Amino acid sequence: MNHVPAALTKKPRLVVIGNGMAGMRTVEEILGRAPDKYEITVFGAEPRVNYNRIMLSPLLSGEKEFDDIVINTAEWYQENRIHLFSGDPVIEIDRTRKVVISKSGTETAYDQLLLATGSDPIMIPVPGHKLSGVVTFRDVDDVDTMLKTAANGGPAVVIGGGLLGLEAAVGLQARGMSVTVLHLAGHVMERQLDPSAGYLLAQELGRRGINVITEADTAEIVGTDCVTGVRLKDGRMIPADLVVMAVGIRPNGRLAADAGLTVERGIVVDDVMTTSDPDIFAVGECVQHRGQCYGLVAPLFEMAKSCADHLAEIATDGYAGSVTSTKLKVTGVDVFSAGDFSGGGETEEIVFRDAGRGVYKRIVLEDGRIKGAVLYGDTSDGGWYFQLMKDAQDVTELRDTLAFGQAFAGGSAGNPLDAVAALPDDAEICGCNGICKGTIVSAITEKGLTTLDEVKGHTKASASCGSCSGLVENLLAATLGGDYQAAAVKPICTCTDHDHDNVRRLIKAKELKSMPAVMQELEWKSSDGCHVCRPALNYYLLAAWPGEYVDHGASRFINERVHANIQKDGTYSVVPRMWGGLTNPRELRAIADVADKFDIPTVKVTGGQRIDLLGVKKEDLPAVWADLNAAGMVSGHAYGKSLRTVKSCVGQEWCRFGTQMSMSMAVDLEKMTWGSWMPHKFKMAVSGCPRNCAEATIKDFGVVATDGGWDLHVGGNGGIHVRATELLCKVTTDQEVKEYCGAFIQLYREEARYLERTAPWIERVGLKHVQERVVDDAKNRAALFERFMESQKTAQVDPWAERASQGVDAHEFKSLSLIAAE
Amino acid sequence: MTDIVNWVNVGPVANIPLQGARTFQTETDRIAIFRTLDDQVYALLDRCPHKDGPLAQGIVHGHFVTCPLHNMVFSLETGEAQGPDDGCAAKVELRVIDGTVHIGLTAEQIGLRHAG
């Protein structure tokens with residue numbers, strides 16, 4: 001090949017419009033292929049050297065400085081003899097004269113012209129969008145404006161919960177602003193994430209103090225000169241000193257269109273990035289290739305290669321379009337998505353959730369090939385899935401362990417034991433306690449452990465949130481082989497694989513505070529549970545978050561929903577509370593009057609020393625309660641998984657054998673404990689002497705007076721399997737009775753499974769377990785008692801009064817009526 | 001259903017609690033109108049085929065209701081008992097027009113005698 005020295009010939013002139021990532025990458029690729037081929041001139045609109053635009057987020061959050069994100073320094077331009085005009089944008093292309101004209105009036109001739117004009121951020125033209133303090137998130141100037149405002153703290157609103165918007169929100173929050181994200185769709189990043197991953201992401205943002213409002217339609221940006229807030233179409237007003245509009249980008253094809261090139265959504269190019277003018281090329285976000293426009297960096301780099309091949313006159317297959325993947329650039333939040341993960345049609349999906357680690361993976365397959373993937377929490381295998389997807393590799397063989405990632409792909413397909421066996425020794429099994437596989441395996445072999453509980457005890461693995469217990473069991477099975485017998489977990493119902501204990505622990509550990517949060521985080525298999533799990537969850541949430549969780553009526557059995565007992569004919573029975581079993585003429589008259597007034601067919605004394613009004617029509621309930629309330633009576637909770645009754649004998653007040661005041665003790669205990677929701681019904685009794693006329697030894701908590709004080713008995717009940725109580729301890733003062741009672745109830749409330757009475761609970765955990773916590777450990781007893789009294793603050797509201805006079809749940813007691821016949 | 005003689009308007013869907021039910025009393029029986037979490041509305045006779053339990057008082061989950069008396073579960077779509085139980089709760093025709101619930105009643109239910 002004849003080599004003509006550059007100095008002796010006039011090199012073709014390549015002019016590049018756009019000093020961004022796409023343009024400069026193309027230049028670099030050309031220099032790499034043919035360093036002396038062109039005389040290169042670059043025009044940039046921004047008055048600075050070229051920088052890595054995808055690093056604007058770390059620049060905003062303060063994790064990087066501008067110098068860190070510079071790609072090519074001024075020296076680089078000099079070394080490569082590139083003429084750089086920064087801050088002097090080209091405003092016109094004259095194709096007939098083959099010159100470009102810049103804003104300052106400079107005319108520069110070209111032989112080949114490369115357009116890399118990028119894209120413009122979309123500004124929604126709502127009223128107020130031109131106010132000072134409304135910015136986009138596109139370049140270093142935007143970041144400077146944001147940082148200036150953020151220096152004063154204050155509220156910021158980001159419109160758009162997509163990739164860019166969320167990065168802006170996290171950055172501003174890191175800079176000390178209190179940030180609200182407004183997002184039009186039902187979940188954030190809806191183009192990259194499915195609803196489950198969107199939910200997890202919103203949760204994480206919430207934990208970081210970023211308020212995300214979905215389905216938020218902006219009506220107006222409010223302010224006189226500077227922005228002061230954003231008003232939504234539903235009327236809500238969100239204060240803001242700064243509004244960042246991050247709703248999307250639009251390819252910038254203005255120059256090209258003005259020059260008469262073919263521009264549709266973007267500048268139309270072929271596979272070697274040639275526009276409709278053979279001497280003009282275009283790369284990056286400004287182009288439209290095979291109908292696609294791209295807003296991500298990977299496609300730009302692929303375009304740059306094809307374009308450089310062509311300009312360097314190297315044979316090339318050309319650019320064939322990109323399959324894209326997305327990662328959110330927020331420290332500590334790992335989100336990945338690729339391809340089409342919408343599912344449906346002929347696709348099948350693999351879903352892996354590890355709620356304890358906050359991991360969600362969904363891989364969509366079609367014809368045995370990966371069609372799309374969404375990863376949240378653990379994105380380390382994103383690249384692997386993406387490669388398998390781009391290669392259209394048949395993954396049928398890998399299918400069963402695909403969700404575990406590349407590390408597991410070595411194991412034989414479909415066997416989770418091989419999968420754990422294939423893990424390296426330093427693979428972390430228990431994230432809460434940082435326990436690795438090697439630690440667990442050596443504990444199993446050296447200490448001869450055979451059960452999950454033993455592993456928990458020795459290593460602490462799965463002893464916190466418990467979400468790795470499945471992995472630990474697999475490790476046990478893999479290590480012990482046939483000697484391992486897994487303990488059967490009895491799920492609450494078919495809606496879940498979790499048992500009651502797991503659910504309770506996870507509600508606390510993961511701070512789950514609503515029914516949907518539990519069902520999502522704990523991977524419920526039905527949309528809204530069933531009649532078995534919903535009442536249990538409602539109780540667990542009430543017990544875990546007293547005063548905070550709002551009782552969910554639709555998840556309560558009818559008796560607890562309408563605060564009366566349904567009978568076989570659909571009528572109800574009403575039992576007013578009689579403290580300690582005591583009543584008086586005024587109450588008895590009121591009960592008699594109510595029975596007459598509402599034609600109540602049966603009046604009966606109950607086993608718990610109360611009066612039961614049977615056969616009340618549902619629609620009469622509020623009026624019946626109103627009359628009973630008027631006489632000073634409140635709900636007796638004879639219908640509830642709650643404190644039912646405290647029976648008493650007449651005690652030292654009347655009885656010639658009585659050793660203590662059992663009636664007043666019963667009244668005191670009932671006043672202290674009424675209204676508390678429990679795993680099951682809870683009955684108490686107080687006897688004034690060891691003759692025990694109040695039958696306190698078949699109660700959940702029985703108090704029997706002695707000469708020197710009180711014996712406290714627990715865990716008894718009548719019923720099919722009569723169980724006498726066991727002696728918890730002896731105490732001397734009345735105050736001790738109350739404290740032990742409250743502490744015992746609270747332990748039961750916190751530990752027993754829903755619909756498990758104290759008798760089976762104590763048989764399951766052992767009396768010793770209860771004594772250790774309530775009797776031996778005074779500090780723990782005091783803490784339990786305090787938690788009980790705290791939860792009672794919001795529990796002791798008479799549900800009858802709320803419904804009789806305050807209109808609560810009025811719909812429960814009134815039938816629908818005819819509006820109009822057609 | 002050929003013997004429906006009248007569609008009656010029993011008011012807005014919003015009057016029925018989510019995951020709950022309301023009843024409507026006809027001349028001959030009571031109808032339970034359910035609203036599911038995904039905002040579908042269904043109607044059954046408010047009478048469990050097992051022991052006449054008031055289905056409207058049950059827990060609504062998915063497109064099912066659990067009878068409050070003995071926990072039999074019925075499909076709101078078909079009235080069929082689920083699982084090992086046999087039986088079928090009587091379905092009542094229902095349509096939602098502009099957010100209001102209309103149920104289809106027979107002559108007897110609106111207090112008319114059959115002509116023949």
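This is a predicted model: local features need pLDDT of at least 70, side-chain atom pairs count only at pLDDT 80 or more; totals for chains, interfaces and linings use all residues.
Q: Let's start with the open sheet of five strands in chain A. What's the strand order?
A: The order is β5-β2-β1-β9-β21 in chain A, and the pairing is parallel.

Q: Which are the edge strands?
A: Those are β5(A), residues 83-86, and β21(A), residues 280-282; each pairs on one side only. From one strand to the next, the twist averages 15°.

Q: And how many bridges join β9(A) to β21(A)?
A: Three, between strands that run parallel; β9(A) covers residues 112-115. One residue to look at is Leu113(A), whose bridge partner in β21(A) is Ile280(A).

Q: Which strands does helix α1(A) touch as it packs on the sheet?
A: Helix α1(A), residues 21-33, touches β1(A), β2(A) and β9(A), and its direction makes about 155° with that of β1(A). Helix α9(A), residues 297-311, packs on the sheet too, touching β1(A), β9(A) and β21(A). The direction of α9(A) makes about 160° with that of β21(A).

Q: Switching to the cores: which residues touch the most other members in the largest nonpolar one?
A: Trp524(A), Val574(A), Leu628(A), Phe34(B) and Phe74(B), out of 69 residues. Helix α17(A), residues 533-544, gives the largest share of this core, with nine residues.

Q: What does Phe34(B) touch?
A: Leaving out residues up to four places away in sequence, its contacts include Ile16(B), Tyr42(B), Leu55(B), Val65(B) and Leu76(B).

Q: How many residues are in the other core, the one that lies apart?
A: That one has 46 residues, among them Val16(A), Leu31(A), Tyr38(A) and Tyr294(A).

Q: New topic: at what angle do α23(A) and α26(A) cross?
A: Their axes cross at roughly 80° and come within 8 Å; α23(A) is residues 734-751 and α26(A) is residues 778-795.

Q: Which residues make the contact?
A: From α23(A) they include Tyr740(A), Ile745(A), Leu747(A) and Arg749(A), and from α26(A) they include Leu784(A), Phe785(A) and Phe788(A).

Q: Last one, helix α14(A): how far does it reach?
A: Its twelve residues, 469-480, reach 16 Å from first C-alpha to last, close to the 16 Å expected at 1.5 Å a residue. Ser469(A), Val472(A), Glu473(A), Leu475(A), Leu476(A) and Ala477(A) of α14(A) are buried.

Q: What comes just after α14(A)?
A: Gly481(A), which takes a positive phi of about 65°.

Technical notes:
Residues are numbered from 1 along each chain as its sequence is written. Chains are lettered from A and ligands numbered from 1 in the order in which they are written. Side-chain values use heavy atoms; hydrogens and water are left out. Two strands pair if DSSP finds at least two bridges between them. Helices (H or I, at least four residues) and strands (E, at least two) are DSSP runs, numbered from the N terminus. Axes are lines fitted to C-alpha atoms, for helices over the stretch in contact, and angles run from 0 to 180 degrees between N-to-C directions. Contact means heavy atoms within 4.5 Å. The expected span of a helix is 1.5 Å times one less than its number of residues. Buried means under 20% relative accessible area, exposed over 50%, partly exposed in between (1.4 Å probe, protein chains only). A nonpolar core is a set of buried Ala, Val, Leu, Ile, Met, Phe, Trp, Tyr and Cys residues joined through side-chain atoms within 4.5 Å.
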